[in-house]
Amino acid sequence: MNRENEKRPVGIIIGGISLSPDEEPAEACNIAAKEMKRAGIDPARLRFSICKSSVDARKKKDVRLVYSVAVQSSDGRSPVRAPKSKYTVSSLYSDELSFSKGSEKSRYSPLVVGMGPAGLFCALLLAENGYAPTVIDRGDSVDDRIKSHERFVKLGILDTESNIQFGAGGAGTFSDGKLMTRVNDPRISYVLRRFCDFGAPEEIQIKAKPHIGTDLLCGIVDGILTRIRELGGRVLYRTRLDGIERCADGTVIAKTTGGDIPCSCVCLAVGHSARDTYGMLMEKGYAMEVKPFSVGVRIEHLQRNIDEAMFGSFAGHPRIGKGEYHLSDTSTGRGVYTFCMCPGGEVVAAASEDGGVVVNGMSRFARDGRNANSAVCVSVRPEDHGNTPMSALAFQRALERKAFSVGGGDYRAPIQTVGDFLAENQGSEPTEVLPTYRDGAVRLASMDDCLPPFVCRELRYGLQSFDRKIAGFASDTAVLSGVETRTSSPLRILRGENLTALGNDGIYPCGEGAGYAGGITSAAIDGIRVAEKIISRFFPTENK
C-alpha cells in the first residue's frame, strides 16, 4: 500500500464478546462501555458500534454469537486509550485511501480489460481520481448476460462470449456473492464500504462471513459501471482483447474485436476462464507459471438438514442465519476440501466453451432455496497434467468435455447420488434431494466416468471424513453433479514488484485470472493495488 495509505488508528476494537442468539446485539456495546468505565475511561465521551459478528457453533446445545465492538471518541478524532480487559483489545484503523499522483504523461487513458471485481475496482478508483479509463469485456451487460444464461438454461444454447464466466461483473456475479477472504489487508474494509455505497446491505461490514447474493450483485455492478461513465470513463461490451502491441513512445495498442484501442497502460483482469487470452499471451512470450488448482464436483443437500446438523435446536434462529461450512482434510497427503458453499442456492451451468460441461454454485441474498450446495474439490499437482500452463488448461478442458459426453452431449450435467458413488454403483434416481442444475436437465451417470481415479478416490475419502464433522454430509440421498473445474486459475502471469508483467512494462496482470486472487474480495483488493500503481506512475491525461 502507498505510504499515504499506511494504517492510521482511529479507535480500538473490543472483541470476543459472546452472547446468546436471544440477547439483543446492543448488549455487546453495553458490555464494551462497562469495560471502558472499569478502566477509568468515561464511556459518555465515546461512541460504540458493532463492527463484526460471527457464529460460534462448536457446541450445538449452546450456539453463541460473538461480537466485536468499535470504540471511538465522540468527535471521531481524539485517541482512545486501550483498557486492560478480559476481552481482546486491538486497534481500529481508517479505511480511507489517499494517493500521490505520478508525473509520467501519456496522450491516452488507462485500459482495463475485464469487468470482474478486479477490473471494476481498478477502473472505479482510476475514474474517481481523474484517469477516465476505458473498460472492456468480451461479454455483455448484466441484463444481457442474464438473458444469455436463461437461454442456456432453457434451451441449451451456449453463447461462448457472454455467459456465467464472461461479461459485466465477471464470474462472481452469478455466485453467492461471498466476500469473506483469508487475505489480511487493510483495503478489505474499503472494499466492503464501497459495495455498500452501490447498494449492498450494510450488514456486510459486520458479518464475519458477508455475502451479497446474485440478485443484489447485478444492480451493484451496474451502479459501479454507471459511476465510471459519469466520471468520463468508457464502458465497452462485446469487446474481446486479441492482442497487445507497444509503440516506440510507450503507448500501448490493445487489439480488440471492436478495433484498436491506444492507452497508457493495460490492467489485465481477464478472469480465470479466458483461455484464449492466455494462449495469446503465451505466444507473445509473457512469463507464466503453473499454480495450484483443484477439480471435483458439486454436492447438494437439503438446507434444513445442514442447519440442523450444524446448529441443533438453534436451527432457523433469525440471528443465526443459514448453515454455512468450509471443510478440509489433508491426511492423505493430497487434500480434499469444500469450496464456495452456497446456502439455499442452486447448481448453475457455468460452461464457456462449446462441448464442455462446468458446474458452479449460486445463491440469492435471501438464501431461501430448498437446497444447499458446495464444491467438493481435490488438489491437482503439476505432475498430474504435465507441469506447464498449457497442460493445466488442457487438463481442465478434457474433464469438461468428458462430462459433456457422459451427460449426453447436450449440456446436461452428469449426476450421481452419494450413496451410489460411495458404493461404486450407479442408476439410483434422486429422491429427497432433487438436482437444481438447469432446472433438472441432468443425466444419471458415474463420476468415475468423468473424473480421474485419483480425484474419485480422494472424493470418497473426503465425503466420509466430512460426514464425521457434519452428520449426514455423506447421506445416501445427497446428490453430486459434475464437473467443477473453474475453482481458480491454473496459472499465474508473472509480475514484478511494480506489478507489471515481467519484460512487459505497462501491462498489469491483475486479479484471479492472473493468479493473484481467489474470490471477490481478494480480486477487488488486487484491482485496487494495480490502480494505486497506475496512479502513482501516471499523471491524468487531458486527452481522455
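Trainee: Are Phe 121 and Phe 195 buried or exposed?

Mentor: Phe 121 is buried, as is Phe 195; buried means under 20% relative accessible area, exposed over 50% and partly exposed in between, with a 1.4 Å probe and protein chains only. This is a predicted model, in which local features need pLDDT of at least 70 and side-chain atom pairs count only at pLDDT 80 or more, while totals for chains, interfaces and linings use all residues. Residues are numbered from 1 along each chain as its sequence is written, and side-chain values use heavy atoms, leaving out hydrogens and water.

Trainee: Why is the pair of Phe 121 and Phe 195 called edge-to-face?

Mentor: Rings of Phe, Tyr and Trp (its six-membered ring) pair if their centres lie within 6.5 Å; planes under 30 degrees apart count as stacked, over 60 as edge-to-face and the rest as tilted. Here the centres are 5.2 Å apart and the planes stand at 65 degrees, so the pair is edge-to-face.

Trainee: What makes Phe 395 buried?

Mentor: Its relative accessible area is 12%, so Phe 395 counts as buried. Phe 395 also forms an edge-to-face pair with Phe 293, at 6.2 Å centre to centre and 70 degrees between the planes.

Trainee: How do you know that Arg 460 lies over the face of Phe 421?

Mentor: A charge sits over a ring if NZ of Lys or CZ of Arg is within 6 Å of the ring centre and within 35 degrees of the ring normal. Arg 460 is at 4.1 Å from the ring centre of Phe 421. Likewise, the charged end of Arg 492 sits over the ring of Tyr 516, 5.7 Å from its centre.
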